[in-house]
Amino acid sequence: MRIRAKQDLIAGLFVLSLGVAVTIYSASVFDIGTPRRMGPGFFPLCLGICMIVFGLPMTVFGARSEPIPMQFDVRPFVAILVSMAIFALVLPQFGLLPATVLLVVISLLAGRLPGRIALLLTTVGVTALAILVFRVGLNTQLAILHWPL
Amino acid sequence: MDFLASLIGDVRLGLETAMTPSNVWYCFLGCTLGMVVGVIPGIGALAAIALLFPYTFYMDPTSALIMLAGIYYGTAYGGSVASILLNLPGTPSSAVACLDGYPMARQGRGGIALVMTAVASFVAASIAIIIMMISSPVIAASAIQFRSPEFFTLMVLGLIAASTITDGAPLKGLAMVIFGILLGVVGLDMYTGVPRMTFGSIHLQDGIGIVALAMGLFGVAEVIASVRTAGQGEVLTISLRSMVPSRDDMRRSWRPILRGTGIGSFFGALPGAGPSIASFMSYAVEKNIAENPSRFGRGAIEGVCAPEAANNAADQTAFIPTMTLGIPGSATMALLLGVMIVHGITPGPTMLDRHPEMFWGLVMSFWLGNAILLILSIPLVGLWVRLLQIPYQYLFPAITMFICLGVYSVNNFVFDIWMVLSIGAVSYALRVLGFPIAPLLLGFVLGPIMEEHFRRAMIVSGGDAMVFFNRPISGTIMVLTILLLIGVSWRAFRRSRADTGLQSSTDSETAA
């Protein structure tokens with residue numbers, strides 16, 4: 001997906017708002033201390049102020065810039081992140097095998113879908129690799145297959 | 001003579017460390033993996049090192065470092081194979097090799113380009129290693145009197161240089177450094193034990209793991225970004241018969257190789273410059289001094305040798321500031337620094353004294369690794385060509401699996417997978433917005449060390465910030481930093497006035 005937007009303006013607003021949030025958070029939650037005896041909030045407060053200092057000119061210059069096309073690959077973005085999320089959910093409940101199979105199949109949706117045989121081979125190959133490396137090779141404490149009920 | 005005698009002793013110690021069977025094996029493993037990763041476009045050295053990082057927890061730190069460093073300089077050899085045969089740089093620093101390497105391959109001289117590249121890389125790396133062996137003890141010795149103010153200002157200078165010099169958008173680079181330092185703050189405060197930025201999570205009390213961060217930044221985000229672009233281009237085939245360079249090729253090449261080595265060694269040691277700049281710079285130099293510049297871009301062998309020599313020399317000299325001062329100049333160096341910190345070793349001037357076997361073992365393993373790579377890259381070229389033909393769509397599920405299980409295997413916490421996932425999502429969004437990602441990792445690794453030096457310096461000075469300006473060395477560094485900032489903002493200001501529209505498009509290119 002291509003979006004036309006003022007990239008630098010969004011970037012500037014992001015830095016600025018993060019800076020403001022960090023500054024307020026550090027100043028209100030932590031003890032700042034004095035320069036001689038700094039509290040835990042002193043250094044984060046400096047960082048927040050730095051971000052505001054950098055974010056302000058970014059926002060000002062960004063607002064005056066022309067909108068430019070930005071490439072955001074929605075499909076791979078969603079597919080890869082969802083495959084990882086499913087993996088994280090399934091792994092502790094059902095074990096390594098089903099989690100890896102789901103991860104491979106969902107992540108494959110990120111690109112052009114391979115044919116049925118290629119799909120099967122990739123799934124079997126990656127799953128076998130996962131079990132070999134992590135269960136057999138590194139002896140990670142993981143059940144290959146687990147039924148919680 | 002004293003210097004020479006101690007150098008010989010150090011070399012012997014290094015050889016003893018590097019030549020143990022297990023270290024030879026890890027060096028071989030690292031170089032081979034680096035070569036593979038370099039050949040395949042869409043996974044860089046950073047992603048590969050991040051992926052293998054968790055497995056080095058079980059290893060001896062010297063072996064771990066030897067292997068991960070092997071991956072790093074191995075990718076430089078592999079990257080040029082993809083550049084020459086596919087016109088698609090496997091690594092950013094070998095992008096220049098496309099300019100004349102691909103035309104050479106189209107003329108049927110791809111084999112010669114590959115051989116000359118390997119030779120140039122080997123010669124350049126060898127010279128750079130010698131420079132490192134001679135200069136490191138000298139730098140470390142002169143830095144031994146550095147105290148907290150010097151280290152703090154040196155880190156400030158390094159971070160600002162690394163985030164502003166190469167990139168078109170200095171403010172974005174600086175913002176990423178601060179963001180990285182901020183992520184480094186997460187966890188218990190070392191002086192008071194107060195949890196900071198953990199938002200009540202017990203998992204975050206130990207801080208964000210460098211494995212999770214590096215994998216999210218360079219693994220997940222890179223996979224997402226590469227799915228669309230990878231696997232384009234047609235692979236040119238070559239035969240072994242066409243691999244012998246002619247006498248004319250040799251005659252044309254040796255001077256560019258030496259010039260490239262010089263340029264690369266210099267820029268590699270500077271923070272922020274690194275192999276990519278060095279290779280572009282040496283290409284420009286060769287084109288400028290050539291008798292017939294019009295040959296460049298049409299398969300001039302000088303245009304392949306010089307930049308490849310430069311980026312390999314830079315890869316080696318990049319270790320000098322990392323090892324002797326503890327100041328990494330690039331994200332990859334920051335990651336290697338992180339490896340040492342995880343293993344309980346603090347790089348810096350004292351490292352050469354305290355862990356000489358580690359430093360010299362690593363340096364000596366560079367020789368071995370470069371020799372291995374020379375052997376790997378020439379006779380096995382057919383294998384690398386075949387690797388280039390693997391469609392990326394079969395690779396990224398495997399990479400995603402290694403990311404998830406790799407980060408899980410560190411602590412056996414599912415939380416870490418969620419961490420990588422979130423960092424990957426944020427990092428991809430930052431790329432879309434044209435932020436450079438490497439400064440973030442630099443800030444993250446150096447942040448906690450910087451805060452410690454900052455607080456210690458302020459305690460010693462009784463809260464007087466002038467301590468950073470009063471001392472001669474840190475004062476000089478501060479002046480340099482201010483000059484650098486003025487220069488960078490002047491350049492950015494002039495550019496934004498010259499072309500408001502064009503500037504943003506170059507930003508997104510450098511971020512990619």
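Author: Happy to! A residue is called buried under 20% relative accessible area, exposed over 50% and partly exposed in between, using a 1.4 Å probe and protein chains only. This is a predicted model, in which local features need pLDDT of at least 70 and side-chain atom pairs count only at pLDDT 80 or more, while totals for chains, interfaces and linings use all residues. Residues are numbered from 1 along each chain as its sequence is written, chains are lettered from A and ligands numbered from 1 in the order in which they are written, and side-chain values use heavy atoms, leaving out hydrogens and water.

Let us start with B:T164, which counts as buried because its relative accessibility is 0%. B:T164 belongs to helix α7 (residues 148-164) of chain B; helices here are DSSP runs of H or I with at least four residues, strands are runs of E with at least two, and both are numbered from the N terminus. The side chain of B:T164 reaches back to the backbone oxygen of B:I160, at 2.6 Å. Setting aside neighbours within four places in sequence, B:T164 is in contact (heavy atoms within 4.5 Å) with B:P170, B:L174, B:V488 and B:R491.

With 34% relative accessibility, B:P195 counts as partly exposed, and its place is in strand β2 (residues 195-196) of chain B. Beyond four places in sequence, its contacts are A:F30, B:G187, B:L188 and B:Q205.

On chain A, helix α3 (residues 74-94) has buried residues including A:F77, A:I80, A:L81 and A:M84. Those buried residues pack against α4 (96-108) of chain A and, from chain B, α9 (210-229), α18 (392-411) and α19 (414-432). Just after α3(A), A:G95 takes a positive phi of about 105°.

As for B:L335, not counting residues up to four places away in sequence, its partners include B:L46, B:F53, B:I210 and B:L441.

Conventions:
Polar contact = N/O pair within 3.5 Å; in protein donor to acceptor, adjacent residues only side chain to side chain.
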